[in-house]
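Dear colleague,

My notes on it come after the display.

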Amino acid sequence: MAELNLGELDLTTDEYILDEVDVHIQANLEDELVKEALKTGVDLRQYSKQVEVELQKIEQASIRDYIKESQNIALLHHQITACDSILERMEGMLSGFQSDLSSISSEIQTLQQQSVSMNVRLKNRQAVRSHLSQLVDELMVPEAMISVVLESPVTEQEFVEQLHELNNKINFAKELSFRETLACSDIQDIVDRLKIKAVSKIREFILQKIYSFRKPMTNYQIPQNTLLKYRFFYQFLLANERTVAKEIRDEYVDTMSKIYFSYFKSYSSRLLKVQYEEVADKDDLMGVEDTSRNTIFTLGQRGAVLSPAELEGPILVPHTAQRGDSRYPYETLFRSQHYALLDNGCREFLFLSDFFMAAGNSALDLFNSIMGKTLTMFLKSMSTYISDCYDSIAVFLCVHIILRFRAITAKRNIPALDKYWDAVLELLWPRFDLILEMNIHSIRNTDPQRLGLLDTRPHYITRRYAEFSSAIVSINQTFPNERTNSLLGQLQVEVENFVLKMAAEFPSRREQLIFLINNYDMMLGVLMERAADDSKEVEGFQQLLLARTQEFIEEILSPPFGGMIAFVKEAEALMEKGHLDRLKNDEARITQLIRGFSATWKQSVESMSQEVMRSFTNFKNGTSIIQGALTQLIQYYHGFHKVLNQPTFRSLAVRSELINLHHLMVEVKKHKPNF
């Protein structure tokens, strides 16, 4: 028997879910109308029948309305049918338009492709035209160029302009020839002939200017400036005819080398004719006996050669100096000679770099090929002169002239003379060191007994040293040199030893101190005029002068006031140890000291002042020593007062005879000399 399929009515199938029924029931219960019916307690069966009746009424009314509007509905149906036919025709028309637009779009794409293709062809033709136009312009040699190159003078601006154009055409022709362009052969011949003509005219012009340098009394700077104005000429030759360019450069080098050598040789020889005839020789040393040539150790106005105004001032004109019977020290001639070298050398180096387009080592080699002979002549003549020169100040000034000239060329960025400056310094420094060492040995080997009569005034050897040392120190401040400072230190040690040896020749210590103080003061005064206050030389002599001055003050106070000074020192020493009672029985000694001081101090101070002023050549120094002595005297007397105020001596009746310290100070001030 076949199974019965109940479908949706099968309550036993898994598909029927009771939960869904619960959900629908719950949803209906939540309906507002159902809720309202349940609230009012309406019978649902009755309510259902009522609803069904109302629905039937509505349905019948709706049918009546439909029958009533049947004609309108039919009319609407006809209208919709008519609209459908119209829309169908419109659809046909739009389909036709769409097919037309598709064909037009394809035509536009075709036109666009044709336009792009034509645009590319246009650009290609314009590019070709540009290149062809330039090629034609470069290949064409204008009649104006031919006329100007053949007929116009090279100094005309028009010639220079056409020469630039010709140079461009030559370079272009070379480029075309390299590319094996056939059109190049059409102009090669005429360009070559124009180049030959231009080279010939330029060569003749430049050689003429170079030959004009050789004329006597010619200011070669004028034709040099003219050549610089036409510097392109050499550039043209260098690019197109190197053999002619080399010929011109060699001719210039040969000509200028001879001109500079001749000029500087003549100038140097004429300068030496206006040098001082009397110069230092090997016997003019610091430690020799007094001579009439002490000025070789003095700077004086010679240092002015290093001032900016004179260092870069006009060079000396020898024949003018000879007519005026003027004479100059060696360093002035040296400055003039080397400033002329510096000025001409800098100008020449700049000319070579500019006109011959040289730079770096090639510029230096070209400069040396011109100036080398002159520089060698300078070094040779200088070596000859320096080997027999004993004027250390002149040599040292020459060193500093070179140092300043080297700084000037460095500031101008001209390296051409650097090696020459170094070579000159290698000549001068050893000579200066040698002369200084000779002076050091001369002082070391000086025998005081061979220098004549003893005198407490400053010695001429110490004066020589003071003048010389101050000169070297003042010059050396701008470009300090440790070797020079070391030699000056050795010289100072020898001079100090010499002063002590000379002082030992005096029989009394007082005379020795006077001699030492006079010499230290003189050397210090001369040094402080030129050297800095904090220089080693100044500080060294200040310490020596202070020490000897203090010793001298004690020395001159000792004869008139020695007893009181000895008592004060003895008493102060015992006070420190607490043994002052040991002097309790020295009443007689104290009485004698008080009364002796009161009776003689004025006369002693006056006598001491006169002796000091007679002993020292420098009034200012003498005044300082008197003031120091009087100040020291007051300090000792104040100590005397202090000792006698101690309990040990308070009972002494003689204390009443002590001079009031303030009164003593007032009286002492009257004895201070005024200058």
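This is a predicted model: local features need pLDDT of at least 70, side-chain atom pairs count only at pLDDT 80 or more; totals for chains, interfaces and linings use all residues.

Residues are numbered from 1 along each chain as its sequence is written, and side-chain values use heavy atoms, with hydrogens and water left out.

**H13 against H14**

Helices are DSSP runs of H or I with at least four residues, numbered from the N terminus. Helix H13 (residues 330–355) packs with helix H14 (residues 360–386) at an angle of about 170°, and their axes are 10 Å apart. The axes are lines fitted to C-alpha atoms over the stretch in contact, and angles run from 0 to 180 degrees between N-to-C directions. H13 is therefore roughly antiparallel to H14, a term for angles over 145 degrees.

Contact here means heavy atoms within 4.5 Å. On the H13 side the contact includes Tyr-330, Phe-334, Leu-341 and Phe-349, and on the H14 side it includes Leu-364, Phe-367, Ile-370 and Tyr-385. The contact residues divide into 15 nonpolar, 4 polar and 1 charged. In this division Ala, Val, Leu, Ile, Met, Phe, Trp, Tyr, Cys and Pro are nonpolar, Asp, Glu, Lys and Arg are charged, and the others, Gly among them, are polar.

**The form of H14**

H14 has a kink of about 55°, centred on Met-371; the bend at a residue is the angle between axes fitted to the seven residues ending there and the seven starting there. Between its end C-alpha atoms H14 spans only 33 Å, whereas a straight helix of 27 residues would span 39 Å at 1.5 Å a residue. The expected span is 1.5 Å times one less than the number of residues.

Met-371 is also among the buried residues of H14, where buried means under 20% relative accessible area, exposed over 50% and partly exposed in between (1.4 Å probe, protein chains only). The buried residues of H14 pack against helix H10 (242–272), H13, H15 and H16.

H15 has 20 residues and reaches 29 Å from its first C-alpha to its last, close to the expected 28 Å. Of its 20 residues, 16 are buried.

Most residues other than glycine have a negative phi. Met-357, in the loop between H13 and H14, has a positive phi near 50° and is partly exposed at 39% relative accessibility. Asn-413, in the loop between H15 (392–411) and H16 (418–444), has a positive phi of about 60° and is exposed, at 63%.

Yours sincerely

How values were computed. Helices (H or I, at least four residues) and strands (E, at least two) are DSSP runs, numbered from the N terminus. Angles under 35 degrees count as roughly parallel, over 145 as roughly antiparallel, 65 to 115 as roughly perpendicular and the rest as oblique.
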